[in-house]
Amino acid sequence: MTKSFNPQSYEPGTHPDLPPPAITTGLIGWIKTNLFSSPLNTALTLISLWFLWQILPSSIHWLFTGAVWSAVDRKECWAMMDAPRDGACWAFIRGSLELFLYGWYPEPERWRVNLTFILFGAAVFGALRENIPGKKYWLMFAAVFPFLAAWLLFGGFGLEPVPTGKLGGILLTLVVAVTGISFSLPLGIALALGRRSRLPVLRAICVIFIEFIRGVPLITLLFVASTMLTYFLPPGSSFDLLMRVLIMVTLFAAAYIAEVVRGGLQGLSSGQYEAADALGLTYWQSHRLIILPQALKISIPGIVNTFIGSYKDSVLVLIIGMMDILGLGRARLNDPDWLGLAPELYIFISLFFFVSCFAMARYSLSLEKKLETGHQS
Amino acid sequence: MKQKTTAVLSAAALVLGVAGTTQAGTLEDVQSQGVLRCVVSTGIAGFAQPDASGVWKGFDIDFCRATAAAVLGDANKIEAVTSTGKTRFTKLNAGEGDVLWRNTTITFSRDVGVKLRFHGVNYYDGQGFMVKKSLGVNSASELDGASVCIQTGTTTELNLADYFSANGMKYEPVTIETNDEARQNYESGRCDVYTTDASGLASTRSALPNPDDHMVLPEIISKEPLGPATRHGDDQWSDIVTWVLNATITAEELGVTMGNVDQMRSSNNPEVLRLLGVDGSQGQELGLSNDWAYQIIKQVGNYGEIFERNIGVDTPLGIARGLNALWTEGGLMYSPPFR
């Protein structure tokens, strides 16, 4: 019984064809094509390897193996090492972790902060996740979240009021950043639409606002919020400093979002507008159903870019004496028991910012991929 | 630069006619708030810094607590209004704080131009030099040709230039921004000398791996008297702050401490009795209760105790009293009498 060779009788993946030469696949192949493909690349690879060889062992030693994780003060920390500064003194960060997270939020009320963090996670998850049952309710929850969070954090209506001055550290950084981000998007879209409006007064107001805010550095606006505004207001009236800062940060981000969204609106071909008009849709209908979904899709990289920028800009509040994570960290550097541990502190803070910014960037990338319709306008 | 900013801001305020309206009655405001709001720094080692649980500690903070003890009877009723060098005076002038205890050098332009009222000196600072002992230098006059780490845009830079040219010496500046950066440069040997205010040198030195290998040279080349400030236009409040500081100094001079203040109430010394409010009515004249100074010393301590607790020789900073010793011990701390 001889069976003639018939390639079609093999199940997919079981064809006995010879595998590609080992030199082009697997680890060796990858290394050869990516690292040693030309004399220049070979040289660059070798230089990089030498460089890593130089810095990696000592970095790992300083960061992990030689580090001290618990001690009462810096003296003890350094005494536990082979030589002072031989390793990181993470005990400093560990001991202040709770302060860095909550600031001066009163201890018995900290469950409210924890609950806010959990609800924040839920709101982000619910708003960003597709294919989730009850998507409509998740979105409604995400829209209500900022107000819910404000109630939980600052109290009132049955909860013990907490003055805004008690916020500090990561909590304050997140409050500034999340407020700026979540209120600047709707405001920015409104400004972008206003700038393209046919109503001259509305358009003029939007243009003046956007150009003014973009023409002034954030730090100037923060100085105005912290020092000048108190002179403009009637004496004796006090307008909460955090509230002033939040408004300034939001307005600042909104002006940038507006320009990003305007770019998206201009990126649409005029045929889209004309088609919407031809269907007899009103202004709001056409924008809600046709224009904005497409314009916002194009604008995602720019919007996320602005978000990440304003998230990192939030540390500027330290210049007006507010104790966000950077301001509070720098204040802690002055503890006489822990003097001289600036590298540990700054590594910790950069790690915090890197993790959160990287997560935002990755999410934006996946969102772009998901919304990709294969049409480049 | 800082002065210029504040001057511009105060000028703007004057144009608006708001700062002109003085806020009299700070004492009543503080007593009705039930808390004293002190403008303090965002962190200067030993002078004001939050501890691991966020409680503000330090030399300036203790004076704020002393003020609260006198005014409210409870040293813990304070609120730290953190401010940077740029925002401190506007915060005070705009009424966001009641008194400034913030490592602030008293100068003509601040007193007159920024319209503050200063109330004496709680710390005599001055610019000094730190070198490695291995250099074998014993005096600043031997520093010819040295590389010097110096913060840019500060008066220390100008003082340094003046001092070196007055002594016919040359130096090579290594400019830095912060104390930590200075320490790193000094530690790695990029500069032979670090110069800043003596209190800052002490904290920098204590953060070095081997503090004993380094020394602060004896020369002090500038005057930096640090003291509390209040707004113009509230004389009663100004008197209170002035005499809170004087009470701590007088208490040290009279030997009244946290530990013995209760026994001292039955002392034979009439000045002690007046200070502690056993005799006379000095507290009432200030608008406070008669035991105001007793509360300061009981809850916070006298000047020497505040000094030793926060920045003295037994703390990591290890600053000797020096100019800040009592006048009877060769220093400049001198309080007018309680009479």
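This report describes strands, helices and aromatic rings in a predicted model.

## Basis of the model

Because the model is predicted, local features need pLDDT of at least 70 and side-chain atom pairs count only at pLDDT 80 or more, while totals for chains, interfaces and linings use all residues. Residues are numbered from 1 along each chain as its sequence is written, chains are lettered from A and ligands numbered from 1 in the order in which they are written, and side-chain values use heavy atoms, with hydrogens and water left out.

## Strand β1 of chain B

Strand β1 of chain B covers residues 36-41. Helices (H or I, at least four residues) and strands (E, at least two) are DSSP runs, numbered from the N terminus. In β1(B), 6 of the 6 residues are buried; buried means under 20% relative accessible area, exposed over 50%, and partly exposed in between (1.4 Å probe, protein chains only). Leu36(B), Cys38(B) and Val40(B) point one way from the strand, while Arg37(B), Val39(B) and Ser41(B) point the other way.

Strands of a sheet pair through backbone hydrogen bonds, either parallel or antiparallel. Two strands count as paired here if DSSP finds at least two bridges between them. β1(B) runs parallel to strand β4 (residues 78-83) of chain B, and 6 bridges join them. Arg37(B) has Glu79(B) as its bridge partner in β4(B). β1(B) also pairs in the parallel sense with strand β5 (residues 99-100) of chain B, over 2 bridges. There, Val39(B) is partnered by Leu100(B).

## Thr67 of chain B

Thr67(B) lies in helix α3 of chain B. Its relative accessible area is 0%, so Thr67(B) is buried. Leaving aside neighbours within four places in sequence, Thr67(B) is in contact (heavy atoms within 4.5 Å) with Leu36(B), Trp101(B) and Val244(B).

## Aromatic rings

A pair of aromatic rings is described by the distance of the centres and the angle of the planes. Rings of Phe, Tyr and Trp (its six-membered ring) pair if their centres lie within 6.5 Å; planes under 30 degrees apart count as stacked, over 60 as edge-to-face and the rest as tilted. Over all chains, the structure holds 29 aromatic pairs. One of them is Phe147(A) with Phe183(A), an edge-to-face pair with 5.9 Å centre to centre and 85° between the planes. Phe147(A) lies in helix α6 (residues 135-154) of chain A and Phe183(A) in helix α7 (residues 169-195) of chain A, so this pair ties together parts that are 36 residues apart in sequence. Phe147(A) is exposed, at a relative accessible area of 54%, and Phe183(A) is partly exposed, at 35%.

In chain B, the rings of Phe47(B) and Phe59(B) have their centres 5.5 Å apart and their planes at 75°, so they too are edge-to-face. Phe47(B) is in the loop between β1 and β2 (49-50) of chain B and Phe59(B) is in helix α3 (residues 59-72) of chain B, so the pair ties together parts 12 residues apart in sequence. Both Phe47(B) and Phe59(B) are buried. They belong to one aromatic cluster that also includes Phe63(B), Trp101(B), Tyr123(B), Tyr303(B) and Phe307(B).

## Charges over rings

A charge sits over a ring if NZ of Lys or CZ of Arg is within 6 Å of the ring centre and within 35 degrees of the ring normal. Arg74(A) lies over the face of Trp78(A), 4.7 Å from the ring centre. Lys132(B) lies over the face of Tyr186(B), 4.4 Å from the ring centre.

## A sheet and its helices in chain B

An open sheet of 5 strands in chain B has the order β10-β9-β11-β8-β12, with mixed pairing. Its edge strands are β10 (171-176) and β12 (214-216) of chain B, each pairing on one side only. Strands β9 (residues 146-151) and β11 (residues 193-197) of chain B run parallel and are joined by 2 bridges. Val148(B) has Val193(B) as its bridge partner in β11(B).

Helix α6 (residues 155-166) of chain B packs on the sheet, touching β8 (127-132), β9, β10 and β11 of chain B. Helix α8 (residues 198-206) of chain B also packs on the sheet, touching β8, β11 and β12 of chain B. In α8(B), 7 of the 9 residues are buried, so the helix is largely enclosed by the rest of the structure. What covers these buried residues includes α3 (74-79) of chain A.

Note on methods. Axes are lines fitted to C-alpha atoms, for helices over the stretch in contact, and angles run from 0 to 180 degrees between N-to-C directions.
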